[in-house]
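Work through the exercises below with the sequence and the structure open. Each task is followed by a solution in steps.

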Amino acid sequence: MKLHMNKRYLHIGITAFLVIAASICFYYLVFHGDRFSAQLKNFFTIISPVLYGIIFAYLMTPMVNGIERRLLIPIFEKNGKPISKKHKKIFRIVSVFLTLFIVCQLIYGFFSILIPNIVKSIKSISYQFPYYVQNLTIWSAKFLEDNPDIEKMVVNFLDTYSEEFSNYLNDSIVPQMETLVKQVSLSLISVLKLLWNFIIGIVISVYVLFSKETFAGQAKKIVFALMSKKTANHFIRDVRFTSDTFIGFISGKIIDSIIIGFICFAGTSILKMPYALLISVIVGVTNIIPFFGPYLGAVPSTILILMVNPIQSFYFILFILVLQQVDGNVIGPKILGQSTGLSGFWVIFSITVFGGIMGIPGMIIGVPFFAVLYAMTRRITNKMLSKKGLPLETYMYLDVDYIEENDNFIPREEKINSFFRLKWKKNEPEKDNEKGE
């Protein structure tokens, strides 16, 4: 006896199951969110080497494609020989290992120059720190002596809060020193685990780069199997747009930060400021964070210069302000162009929101991620407006008060004018009667 299954009841059953499952998940998220976040954190900890490998492969893909398509294939095509699958595999092997070699050499060269100078600067700071404190104390004492009003304010402030500060040190900081030592030890272990995951991630990235077209084809195959052709085409186009936005912004921002670091090193060297290389590295690295990064890097750099020469710290602040104006108006737009298409408000909004959620990584990826959301929202909005036969340009809606049934746009000024005309017409007969009387 064959069992005939009604598709309608099957769909109803699947829908009911999904609704119940979604309700259970929602309840669990609301009332047991801590457990869910802990499990999610453990999951990401386990798969972090795979994520690192995918990220490394994603960042190295443009270099691999450039070496393969612009260097190896043109050289082979000059000989007039056809490119077979075997040759393509050889090209991929050469391009991947050549990319890894270039990246490793760049990283090694960067740190081989950077680390000795940073260590030298840190040793110099530690050896001369008492002198810097004495120098700063003498300068501040002279400044307060020349400004008695400010000296009186500072003395009152110290008298008010010195006792509270000492109590805070004795009651809070000192008892927690043992906990702080434990946290430092755990941090060292976490750093070693992170380095190990990075090594595994590099190995995984090699496999991903070798088979990136296969992985992309498998993903497209699944998308076309689960969605309609039209929806799948839109989805693939959105993924491609997301990828182009991310890789364009991140790579452009890295290049921009390297240029800013070199300019900062040249400027601080010409101005004969102390710790020029260390300060330039701080400014260049923090410049990767959009908008707030330059100011985050300027604060510790200013403190370093302040301990040596307070006057030069003032010149450094002016130099950083000029440098950031040049970066924001000349260098950044030339390199990044309109890769995000976001206004200044949305840039600050995305950095604030994603930085609060994910910290420093959120501040870096927040802008391109929000740019993707912004572009998708704009596309969906334009599509819905097109179905209604309404214009897509934003300026058409700036002064609109309402839209009539025949799609005529009525601006606010016309409504105000019609209101005053109506009021004048109501008062007009009274004026005529007064004149007639």
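**Exercise 1. Burial classes**

Task: Classify Pro-130, Ile-250 and Ser-95 as buried or exposed.

Solution. The model is a predicted one.

Step 1. Pro-130 has a relative accessibility of 53%. The cut-off for exposed is over 50%, so Pro-130 counts as exposed.

Step 2. For Ile-250 the relative accessible area is 18%. Buried means under 20%, and therefore Ile-250 is buried.

Step 3. Ser-95 has a relative accessible area of 0% and is buried.

Step 4. For the chain as a whole, 24% of the 437 residues count as buried.

**Exercise 2. Placing these residues**

Solution. 

Step 1. The chain has 14 helices and two strands.

Step 2. Ile-250 and Ile-364 are 114 residues apart along the chain, and their C-alpha atoms are separated by 8.2 Å.

Step 3. Leaving out residues up to four places away in sequence, Ser-95 touches Val-64, Ile-67, Glu-68 and Leu-72.

Step 4. Over the chain, take the contacts between residues at least 6 apart in sequence: 60% of them join residues at least 24 apart.

**Exercise 3. A helix pair**

Task: Describe how helix 8 and helix 13 pack, giving angle, axis distance, handedness and residue classes.

Solution. 

Step 1. Helix 8 covers residues 229-270 and helix 13 covers residues 360-387. They pack at an angle of about 145°, and their axes are 9 Å apart.

Step 2. Their crossing is right-handed.

Step 3. On the helix 8 side, the residues in contact include His-234, Arg-237, Asp-238 and Phe-241. On the helix 13 side, they include Ile-364, Ile-365, Val-372 and Arg-379.

Step 4. Sorted by class, this contact has twelve nonpolar, three polar and three charged residues.

**Exercise 4. The largest pocket**

Task: Give the volume of the largest pocket, and say which helix gives the most to its lining.

Solution. 

Step 1. The volume is about 2,800 Å³.

Step 2. The lining consists of 50 residues, and Leu-59, Val-103, Ile-107, Ile-254 and Ile-288 are those nearest the centre of the pocket.

Step 3. Helices that each supply at least two lining residues include helix 3 (48-77), helix 4 (85-146) and helix 6 (177-210). Helix 8 gives the most, with 14 residues.

Step 4. The lining divides into 42 nonpolar and eight polar residues, with no charged ones.

**Exercise 5. The second largest pocket**

Task: Repeat the analysis for the second largest pocket: how much space lies in it, and how do its lining residues divide by class?

Solution. 

Step 1. The space amounts to about 940 Å³.

Step 2. Of the 22 lining residues, Tyr-58, Lys-212, Ala-216, Val-239 and Ser-243 lie nearest the centre.

Step 3. Helix 3, helix 7 (212-226) and helix 8 each supply at least two of the lining residues. Helix 7 gives the most, with eight.

Step 4. By class there are 13 nonpolar, four polar and five charged residues in this lining.

Terms used:
Residues numbered from 1 in each chain as written. Predicted model: local features only at pLDDT ≥ 70, side-chain atom pairs only at ≥ 80, totals over all residues. Heavy atoms only, no water. Axes fitted to C-alpha atoms, helices over the stretch in contact; angles between N-to-C directions. Helix = DSSP H or I, 4+ residues; strand = E, 2+ residues; numbered from the N terminus. Left-handed = near helix turned anticlockwise from the far one by under 90°. Contact = heavy atoms within 4.5 Å. Nonpolar A, V, L, I, M, F, W, Y, C, P; charged D, E, K, R; others polar. 1 Å grid on protein atoms, 1.4 Å probe; cavity = no way out; pocket = protein on both sides within 12 Å on 5 of 7 lines; lining within 4 Å. Points joined across faces, edges and corners; volume = space filled by probe spheres on them. Buried < 20%, exposed > 50% of the residue type's maximum accessible area, 1.4 Å probe, protein only.
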